[in-house]
Amino acid sequence: MSTEERPTPRTMGRHAVREGRFTRRGADLVYDDAGSGPLAVYAHGGLVSPAVEDRMGLFDWLPLLDAGRRLVRYDARAHGRSTGEPVDTDYAYASLADDLLSLLDHLGAAEPVDAMGASMGCGTVLHAAVRAPDRFSRLVLLVPPTAWATRGAYARANRASADAIEREGADVWWAARRNEPRPAAVAGVPVFPPTPAERVLPSVLRGLALSDLPPPAEIAALRRPALVLAWADDPGHPLSTAEALAGSLPYAGLHVSRTRADIRTWGERVAEFLTRPSPPAP
């Protein structure tokens, strides 16, 4: 398994996609920059990348670009085109939040930005927002990962996977994992192998095992409009987490999808949410 490469130039609909990169804590972090207007940044889920998510056909970002927004999606440390080292703590949510805040610095984001994150990216965004709330205007939290009371089983499974990769190799581990049952809403979505290189993959898994969402009391202090998008019947992304987030955030809405067709409406829902008139400063 190796870092993926994509040809340039590329487009999303009628919008040109520009590739950029910067260096942070010994890693080259690569991002795609499309559209123009107010900035929105997106952090993807664990083990994949924006390019893989596009091939999966899950999230449609074109409505956001067509609505007059600039969208920056980046490959997390060691994922996709970005590099990373086998250091477990580099892949904890709090460390990944450092990378996100550094991306905002690199982009010269002087005004608060809208931030979106799926699964691991949801954890990244929440940790960054708790640490630096004035840098964010609105939050979109997609498929929030298992958290708090339900996090222990996930952490144990990740540590066991890391051990198995070191013992048997990533290909053997992936061959066993790729056929695990999936929620009905995403049962027909194509499956792709992890984008982190095999030498780094155990550290990525152990870093995620070290992670959790910020405490609910800290999340409750985030007085930012938020949209929580979840799907049903996924133990790794349980509705209990999505509901708790929507209940903790003072200005949050929750939408739950049970079909893939409904998930395909998320791009339009996000575009509508992020292009509403700006709320008054909290």
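**Ground rules.** Numbering runs from 1 along each chain as its sequence is written, and side-chain values use heavy atoms, with hydrogens and water left out. Since the model is predicted, local features need pLDDT of at least 70 and side-chain atom pairs count only at pLDDT 80 or more, while totals for chains, interfaces and linings use all residues.

**Chain totals.** I find 11 helices and 9 strands in the chain; these are DSSP runs numbered from the N terminus, helices being H or I with at least four residues and strands E with at least two. Of the 282 residues, 55% count as buried. Buried is under 20% relative accessible area, exposed is over 50%, and partly exposed is in between (1.4 Å probe, protein chains only). The accessible surface comes to about 11800 Å², and 53% of that belongs to carbon and sulfur atoms. Those areas are from the Shrake-Rupley method with a 1.4 Å probe; for residues, only the protein chains shown count as cover. Next, contacts, meaning heavy atoms within 4.5 Å: among those between residues at least 6 apart in sequence, 79% join residues at least 24 apart.

**Helix H7.** How many residues of H7 are buried? I get 9 of the 9, so the helix is largely enclosed by the rest of the structure. H7 spans 201–209, and its buried residues include Leu201, Pro202, Arg206 and Ala209. Its cover includes helix H3 (93–107), helix H4 (120–131), H5 and H6.

**Helix H6.** I went to H6 (residues 170–177) next, where Ala170, Trp173 and Trp174 are the buried residues. They sit on the same side of H6, because they cover an arc of only 95° around the axis. The arc is that of the directions from the helix axis to the C-beta atoms. The buried residues pack against helix H5 (151–168) and H7. On the face turned away from the buried side I see the exposed residues Asp171 and Ala176.

**Leu213.** I found this residue in the loop between H7 and helix H8 (216–220). Is Leu213 buried or exposed? It counts as buried, at 5% relative accessibility. Leaving aside neighbours within four places in sequence, its contacts include Tyr93, Leu126, His127, Trp148 and Leu245. I also checked Pro277, 64 residues away along the chain from Leu213: the two C-alpha atoms are separated by 29 Å.

**Positive phi.** Which residues other than glycine did I note here? Val143 has a positive phi of about 35°, and Asp233 has one near 65°. Val143 is in the loop between strand E7 (136–142) and H5, and it is buried, with a relative accessible area of 5%. Asp233 lies in the loop between strand E8 (225–231) and helix H9 (239–248), and it counts as exposed at 65% relative accessibility.
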